[in-house]
Amino acid sequence: MLTKEKPTSLSVEKLKLSIVRHLRTTLASNEHVASQNTWWQATCFALNEEIFENAWSTFKQTRLDHCARTVNYLSLEFLIGRLTTNNLINLGLEDKVRQALNELGQDINAISGEERDPSLGNGGLGRLAACFMDSLVTLEYPAVGYGLHYQYGLFRQGIKNGEQVEYPDNWRDYGYPFEVCRSSFALDIPLYGHVETYYQGDTMRKRWVPSQYLRGVPWDIPVVGFEVKNVNTLRLWECRAVNEFDLNQFNQGCFASALHEKVKAESVTQVLYPNDESEMGKELRLIQQYFLCACSVRDIINRHKEHFASLDNLCDTNVMQLNDTHPAIAIPELMRILLDEEGIEWDKAWKISQRCFAYTNHTLLPEALETWPVDLIAKVLPRHIEIINEINYLFLSQVVEKQWPGDQEKLIKLSIFEEGYPRQVRMANLSVIGSYKVNGVAKLHTQLVKSDLFPEFDALFPDRLVNVTNGVTPRRWLRQCNPALAQLISANIGPQWQKDLSLLAGVEKYATDKKFVQQYADIKLANKQKLANYIKDNLAIDVSTEAIFDVQIKRLHEYKRQHLNLLHILTLYRRLLADPNYDMHSRVFIFAAKAAPGYRLAKDIIYAINKVAAVINSDERIKGKIKVVFLPDYSVTLAELIIPAADVSEQISTAGKEASGTGNMKLGLNGALTLGTLDGANVEIAEEVGDEHAFIFGLTVDQVNALKASGYRPQDYIAQNDELKAVVDWLCGDKFTPEEPGRLSSIAHSLVQGGDPYLVLADFAAYVEAQAQLDKAYRNRTAWLHSTILNTARLGKFSSDRSIEDYVRDIWHLKKVSVK
Ligand code: GL4
């Protein structure tokens, strides 16, 4: 038994009755004719009976506990993944529901497979938000996640002739059983218009006269705690038109223009922008950001005002965590409400506001640091641009000028405004100035935030910048995705690790226990077989579980260097062609990655992987020693299949570029050995697990900087390395694209003429050497298994429960609210 049963009134008998009742009365079907999808919905509705009750109890209990401080996690992305199994596990009802469905002639796995993966995020940043929601509720902290109810999530990826093609992801098509529309909390949100000055007695005041409104309709998704009664809420705002449509126009036959306002309003939450680590600068995106912030801030204030007459103590009841700068416009929005609606004077309003916000920085990449044209903000949010101006004026004149009198350079650098054509608002500066805490997401990243990104802010506000290393929820990323391993661990050290991952240390002593090691190995093998079957079924590629499963799964981005991996594959292929007896253990290179639709080179890399795969996989001369597999449509669900099957975790970003990474943690926990650079959380992973149980290679941050400063010349690396030269040449020829010679040359071009901005060539030799070490290490089966088990045992630090406790202690200062 893995999960303690919660006190629940749901017996197997009651569950059966409830499921059948929902089939009949909610879904207009019955147990004789229902489709699998209908069975799935009925099962969800049966669970909701328990879940919604507990959500109410949690909400009420939080109010009773003197409005315990609540963290409001503001994020444009929540990559929650499927919820059916997650909810079953967290409710402790997995076994009962399995049995109930079984007795009704249904299979629980098939049923939960009916759920579409809600992919309301791009990658790590959105998935982190989902892990944090799981940890917050499990640790019994009051929390609300605020996001957008996108009609279309991240595009579905298909591969056609090797190229990525994008399809819309209508994830809720005919409705989603775990969400409920809370129309009574709908809000109207102003936009555009102008600002008026008026007098109240002697005081001059301002008010925004908007020219348009949008309606925000909240959809609530319950977030179920593990082994606790608490259920928190993820509140996603859907945008609708305030006025339905113009019936007169419609009756006159002008169908399109009658619907114009409706279509325009609904477009605001129509689609998730498919870019990770890059800024879009589009008006619709700014409106999305403001719409989320305006709805959420208003909702938070409404909740507060049910118990308090004024907003003076808003920061006692609430903290708003900005998930990167995307929701930073919440700062001037709260200021506007305090100033213009509440009539609070500036200094006091600023104090209140500043104590309410904290900001997480998730990247140092310059192209991801958001800026908005001043003119655009002035048009869409005329009052906000005035407030931003005032914040900036007071900050520069009272803070910067005091610290560095007469230092023009500092003023230019720290100003919220970037001068130029057009003038821009720097959202990161606004976020740092408007928050009481700012955090980076891994030790190394936070150091770099302090030393490279915000050194002056760190000098001005020495306690503001702190580190909270990311984590992942062990419920989804071990218990749910790898049930056999979870079972084995629980059988040996008890099940408490699921709530306190540091207890995994107890596994360490089994790393030399023959029986345990064998069981651990059997589980890995079974997971590999499952993945191999999926590969066979979906791509018709045969892979052997004897081979090393070498996995790189993450967004496609130059800094993550999937092309470095590819160059190594080509190197091995060349060696095998030159010497059919070349000594290497067979290897399956597994990739999964989506590229932003407008990111040309990223798409070319996907194409290259697929073209190389086609040639290598069908080349009988190499006797199956290398297989290359690109699994389309990477998603949370696919990650849950790949991660438990991985032997090697590729974390090969250019040092200093990956803020943290979280896939590295998931793979390590599930027993894959990290092959990585000293970047992001890899540093801490290596620290925990020990260098001898990972393969660390490549330039460090300091070496990267030194090399760049001394004038990096990628050609030199090619000139010195014949193998490197040969594989780069391959990309320029017709070896892999006979029908279109030179089609892969954009990659070679970026590495040579393009200056190789991510130092792929500089790290190539070290990478190939590390791979050779790894190959050798894998062949010592005992030692490899030992390292693998130690990875599981020593990565307890990377639970998102630990991250959340760090946030609570250093930033949020929440108290637990236990639901009885
Ligand atoms: C990211 C970082 O790239 C990634 O390293 C980190 O793990 C994640 C969560 O903190 O945030 N930043 C952006 S932007 N997207 C990410 O995935």
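The following dialogue examines how terms are applied to a predicted model.

Mentor: In this predicted model, local features need pLDDT of at least 70 and side-chain atom pairs count only at pLDDT 80 or more, while totals for chains, interfaces and linings use all residues. Residues are numbered from 1 along each chain as its sequence is written.

Trainee: What makes the ligand lie between domain 1 and domain 2?

Mentor: Domain 1 (65-81 + 117-470 + 805-812) and domain 2 (481-798) both contribute residues to the shell around the ligand, so the ligand lies between them. The domain bounds come from an automatic or database domain assignment. The shell holds 18 residues, the closest being Gly124, Leu125, His362, Ala659 and Ser660; a residue is near a molecule if its C-beta atom, placed from the backbone, lies within 6 Å of it.

Trainee: What is the shell around the ligand by class?

Mentor: The shell has five nonpolar, nine polar and four charged residues. Here Ala, Val, Leu, Ile, Met, Phe, Trp, Tyr, Cys and Pro count as nonpolar, Asp, Glu, Lys and Arg as charged, and the others, Gly among them, as polar.

Trainee: How many residues of domain 1 are in contact with domain 2?

Mentor: In domain 1, 40 residues are in contact with 31 residues of domain 2, contact being C-beta atoms, placed from the backbone, within 7 Å. On the side of domain 1 that touches domain 2, helix H6 (124-138), strand E3 (156-160), strand E4 (163-167) and helix H18 (443-453) each supply at least two residues. Helices (H or I, at least four residues) and strands (E, at least two) are DSSP runs, numbered from the N terminus. The C-alpha centres of the two domains lie 35 Å apart.

Trainee: Why are strand E13 (371-373) and strand E14 (417-418) called edge strands?

Mentor: The sheet is open, with three strands in the order E13-E15-E14 and antiparallel pairing. E13 and E14 are its edge strands, as each pairs on one side only. Two strands pair if DSSP finds at least two bridges between them; E13 and strand E15 (residues 424-426) have three bridges, and Thr371 has Arg426 as its bridge partner in E15.

Trainee: How do you know that both faces of strand E22 (residues 673-676) are covered?

Mentor: Leu673 and Leu675 on one side and Thr674 and Gly676 on the other are all buried. A residue is buried if 20 or more other C-beta atoms, placed from the backbone, lie within 10 Å of its own, exposed if 12 or fewer, and partly exposed in between.

Trainee: What joins strand E21 (residues 648-651) to E22, and why is the crossover between them called right-handed?

Mentor: Four bridges join the two strands, which run parallel. The chain crosses from E21 through helix H26 (residues 663-669) to E22 in a right-handed β-α-β crossover. The term applies if, with the strands pointing away from the viewer, the path from the first strand over the helix to the second runs clockwise. E22, helix H27 (residues 682-689) and strand E23 make a right-handed β-α-β unit too.

Trainee: Why does Asn161 count as exposed?

Mentor: Asn161 has 10 C-beta neighbours inside 10 Å and therefore counts as exposed. This residue is in the loop between E3 and E4, and its phi is positive, about 50 degrees, although it is not a glycine. Most residues other than glycine have a negative phi.

Trainee: Which residues are joined by a cis peptide bond?

Mentor: Tyr421 and Pro422 are joined by a cis peptide bond, with omega about -5 degrees. Pro422 is in the loop between E14 and E15.

Conventions
Contact = placed C-beta atoms within 7 Å.
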